[in-house]
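Let me put the sequence and the structure up, and then we'll walk through it together.

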Amino acid sequence: MQEALECGKLGVDVLDIVTIMKKKKVQDIHPYTITAPANEKGRWQTFIKDEGKGRRKVSATTEAGLYEKLYEHYFHQAEATLESLYSEWIARRYDEGISIRTVKRNENHWNKYYLGHPVTFCQGLFNQVYKEVTFYGLLHGADA
């Protein structure tokens, strides 16, 4: 798989593996039942938690399409920027048992080089990088 990533060529079997891994991640955390269509023209459907409204229905014409929507809902951060993810990253560093000195050094670098810089607020570029890192993490079994 590493060779396929480096060459930029992913075979159908690799994409199938990624699809299966996404489906498994969604099944592990999705609390509602997923309903198959009642007839040929029906839709796959389920519910997701919707802040302020309780829950809302999500549907798709195919099972794979529904799982893709659910994966995007649970694992994609549409408004992610470096600025918005920085505090999560620092908290995670503390939780992982990284040396306090190292984390403080990370904070000093952030404050010196990135705090208030326009690139930390850029959504389009960062979202593309975020998707690629998440995809790479899925292929290698890392928490994305």
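Before I count anything, here's the rule for a salt bridge: a side-chain nitrogen of Lys or Arg within 4 Å of a carboxyl oxygen of Asp or Glu. By that rule we get 5 salt bridges. Bear in mind that this is a predicted model, so local features need pLDDT of at least 70 and side-chain atom pairs count only at pLDDT 80 or more, while totals for chains, interfaces and linings use all residues. Residues are numbered from 1 along each chain as its sequence is written, and side-chain values use heavy atoms, with hydrogens and water left out.

Now the overall layout. There are 6 helices and 2 strands in the protein. Those are DSSP runs numbered from the N terminus, with helices being H or I of at least four residues and strands being E of at least two. Going along the sequence, the pattern reads α-α-β-β-α-α-α-α.

How much of the protein is buried? Of the 144 residues, 26% are. Buried here means under 20% relative accessible area, exposed means over 50%, and partly exposed is in between, with a 1.4 Å probe and protein chains only. As for the surface, the protein exposes about 10,200 Å², and carbon and sulfur atoms supply 54% of that. Those areas come from the Shrake-Rupley method with a 1.4 Å probe, and for residues only the protein chains shown count as cover.

On to contacts, meaning heavy atoms within 4.5 Å. Taking the contacts with a separation of 6 or more, 49% are between residues 24 or more positions apart.

Back to the salt bridges, starting with Glu63 and Lys23. Their closest N and O atoms are 3.1 Å apart. Glu63 sits in helix α3 and Lys23 in helix α2, residues 12-29, so this pair ties together parts that are 40 residues apart in sequence. Both partners are partly exposed: Glu63 has 29% relative accessibility, and Lys23 has 27%.

Then there's Lys24 with Asp28, at 3.2 Å from N to O. These two are 4 residues apart in helix α2, about one helical turn. Lys24 is partly exposed at 48%, while Asp28 is exposed at 55%.

One more of these: Glu107 and Lys104, with 3.7 Å between the closest N and O atoms. They're 3 residues apart in helix α5, residues 100-114, so again about one helical turn. Is Glu107 buried or exposed? Glu107 is buried, at 19% relative accessible area, whereas Lys104 is partly exposed at 41%.

Let's stay with helix α3, residues 63-75. It has 13 residues and reaches 18 Å from first C-alpha to last, close to the 18 Å expected at 1.5 Å a residue; the expected span is 1.5 Å times one less than the number of residues. Its buried residues are Leu66, Tyr67, Leu70, Tyr71 and Phe75. Looking down the axis of α3, they fall within an arc of 140°, so they line one face of the helix. That arc is of the directions from the helix axis to the C-beta atoms.

Who comes up to Leu66? Trp44 and Leu66 are 22 residues apart in sequence, yet 6.6 Å apart in space, C-alpha to C-alpha. Leaving aside neighbours within four places in sequence, the contacts of Trp44 include Ile34, Pro37, Val58, Glu63 and Leu66.

Helix α4, residues 82-95, has 14 residues and spans 20 Å, close to the 20 Å expected. Leu85, Tyr86, Ile90 and Arg93 are buried there. Down the axis of α4 they stay within an arc of 150°, so they too line one face. Just after α4, Gly97 takes a positive phi of about 80°.

Last topic, the aromatics. Rings of Phe, Tyr and Trp (its six-membered ring) pair if their centres lie within 6.5 Å; planes under 30 degrees apart are stacked, over 60 edge-to-face, and the rest tilted. The whole structure has 4 aromatic pairs. For Tyr32 and Phe47 the centres are 6.2 Å apart and the planes at 65°, so that pair is edge-to-face. Tyr32 is in the loop between α2 and β1, and Phe47 is in strand β1, 15 residues apart. Finally, Tyr86, Trp89, Trp110 and Tyr114 form one aromatic cluster.
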